[in-house]
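Please look over the sequence and the structure shown here.

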Amino acid sequence: MKEMMMIDEQQQQQQQMRMDVIKSRRSEPSRRRGPINEAKEEEEEEEERQLEIVDMSGMALDSLPNPSPLNIVTICKLDLSSNNLQSIPESLTARMLNLIVFDVHSNQLKSLPNSIGCLSKLKTLNVSANFLESLPTTIQNCSSLEDLNANFNKLTKLPDAIGLELVNLKKLSVNSNKLIYLPHSISHLTNLRTLDARLNCLRSLPDDLENLINLQILNISQNFHYLSTLPYSLGLLLSLVELDVSYNNITTLPDSLGCLRKVQKLSVEGNPLVSPPVEVVEQGLHAVKEYLSEKMNGSHKEEESPKKGRSWIGKLVKYGTFNGRRRGGAAHDDQSEGFVMSSYRPIDGLASPRYNYRLLFRALLLRTCFSLKVRF
């Protein structure tokens with residue numbers, strides 16, 4: 001009798017493992033539809049009603065059943081996390097054409113199938129806590145991807161063109177890996193809100209970070225002795241709210257950080273900082289920004305000395321990127337303490353359109369940096 005009960009329990013567990021399926025239905029209230037689109041919308045609603053959420057997490061699975069008892073095409077969310085999977089069949093991901101959320105964290109995966117590029121509707125991918133050394137280049141074809149979590153793996157690099165294709169990516173988490181650098185294409189992720197690259201082996205950051213116009217949270221802490229410099233473009237991240245560069249080998253913060261008007265949290269502890277000095281850092285964020293702004297002011301004055309070309313601000317003046325009125329001149333009034341810019345003009349004579357864009361963008365930043373006091 002006990003044996004029969006145990007068999008029944010095992011069968012129930014297997015059935016639960018295979019068919020822990022919840023039909024997903026639209027929760028939004030129905031809206032009026034025009035006669036032209038009514039048939040199409042009804043068809044889309046019917047397709048959504050047939051989509052399924054499959055949860056096979058924490059089942060101690062070593063492999064997936066083949067053939068699968070599930071209707072692969074109808075799955076919109078698949079959770080295979082917290083198992084013992086060492087691989088995912090190519091045939092599985094190639095057929096999940098309606099998959100939106102794919103969670104395989106906390107397994108023993110050493111690679112992802114190349115067919116993951118077939119998941120054109122995928123928005124969330126969690127592959128954290130595995131043994132991945134690289135991501136397949138085909139991941140670039142997941143053009144709808146918004147959230148990529150690859151934390152706690154053994155990644156040494158990311159696909160070079162990852163930023164050119166994943167244009168909808170809003171959150172990129174690659175902390176606790178072995179990354180030496182971030183690909184330059186990351187600067188094309190204009191929709192990115194959060195970038196977490198702490199606990200890696202980063203030697204440097206891309207120079208063109210100013211293109212990340214929507215980036216709000218940047219964490220590059222705990223790269224320890226590997227990361228010793230930060231690019232000036234950090235100060236051009238106009239939407240940045242939180243910046244964590246703690247526990248690195250940084251001696252000097254870029255002067256441009258003084259222009260980050262929206263920053264509410266700046267973490268710099270654990271660095272051998274010389275500029276700003278420790279006594280300034282201890283006074284808090286406002287003191288640090290003021291120090292860097294004044295230092296930038298000084299570097300601009302140096303541009304007027306025989307030692308030219310050392311300050312990127314000076315270069316903006318030199319190339320006429322912005323037109324400032326001299327304080328104390330006829331056009332001067334007391335209502336502005338920062339840069340006074342009556343107008344700006346595009347740069348037509350420089351080498352490349354990309355360089356033109358960067359200089360013009362910096363000029364606009366300087367126009368809005370109200371706390372910067374520079375005299376021409």
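**A walk through the predicted model**

The side chains of Asp196 and Asn175 are joined by a polar contact of 3.0 Å. A polar contact is a pair of N or O atoms within 3.5 Å; within protein, one must be able to donate a hydrogen and the other to accept it, and residues adjacent in sequence count only if both atoms are side-chain atoms. This is a predicted model, in which local features need pLDDT of at least 70 and side-chain atom pairs count only at pLDDT 80 or more, while totals for chains, interfaces and linings use all residues. Residues are numbered from 1 along each chain as its sequence is written, and side-chain values use heavy atoms, with hydrogens and water left out.

Asp196 lies in strand β8, residues 194-196. Helices (H or I, at least four residues) and strands (E, at least two) are DSSP runs, numbered from the N terminus. Asp196 counts as buried because its relative accessibility is 9%; buried means under 20% relative accessible area, exposed over 50%, and partly exposed in between (1.4 Å probe, protein chains only). Not counting residues up to four places away in sequence, Asp196 touches Leu172, Ser173, Val174, Asn175 and Asn219, where contact means heavy atoms within 4.5 Å.

Ser173, one of those partners, belongs to strand β7, residues 171-173. With 4% relative accessibility, Ser173 is buried too. Apart from neighbours within four places in sequence, Ser173 is in contact with Leu148, Asn149, Ala150, Asn151 and Asp196.

The loop between β7 and β8 holds Tyr181. Is Tyr181 buried or partly exposed? Its relative accessible area is 35%, so Tyr181 is partly exposed. Neighbours within four places aside, the contacts of Tyr181 are Lys157, Asp160 and Leu202. From C-alpha to C-alpha, Tyr181 and Arg203 are 6.2 Å apart in space, and they are 22 residues apart in sequence.

Leaving out neighbours within four places in sequence, Leu218 is in contact with Leu195, Leu234, Leu237, Leu240, Glu242, Leu243 and Asp244.

Strand β3 also pairs with another strand. Four bridges join β2 to β3, and the two run parallel; strands pair if DSSP finds at least two bridges between them. The bridge partner of Val54 in β3 is Leu78. Strand β2, residues 52-55, has a covered face made of Glu52 and Val54 and an uncovered one made of Ile53 and Asp55.

How many disulfides are there? The count is zero, a disulfide being a pair of cysteine sulfur atoms within 2.5 Å. For Cys118, the nearest cysteine sulfur is that of Cys142, 8.6 Å away. Cys118 is partly exposed, at 36% relative accessibility, whereas Cys76 is buried, at 10%.

Finally, the whole chain. The protein chain has eight helices and 13 strands, and buried residues make up 43% of its 376 residues. Of the contacts between residues at least 6 apart in sequence, 45% join residues at least 24 apart.
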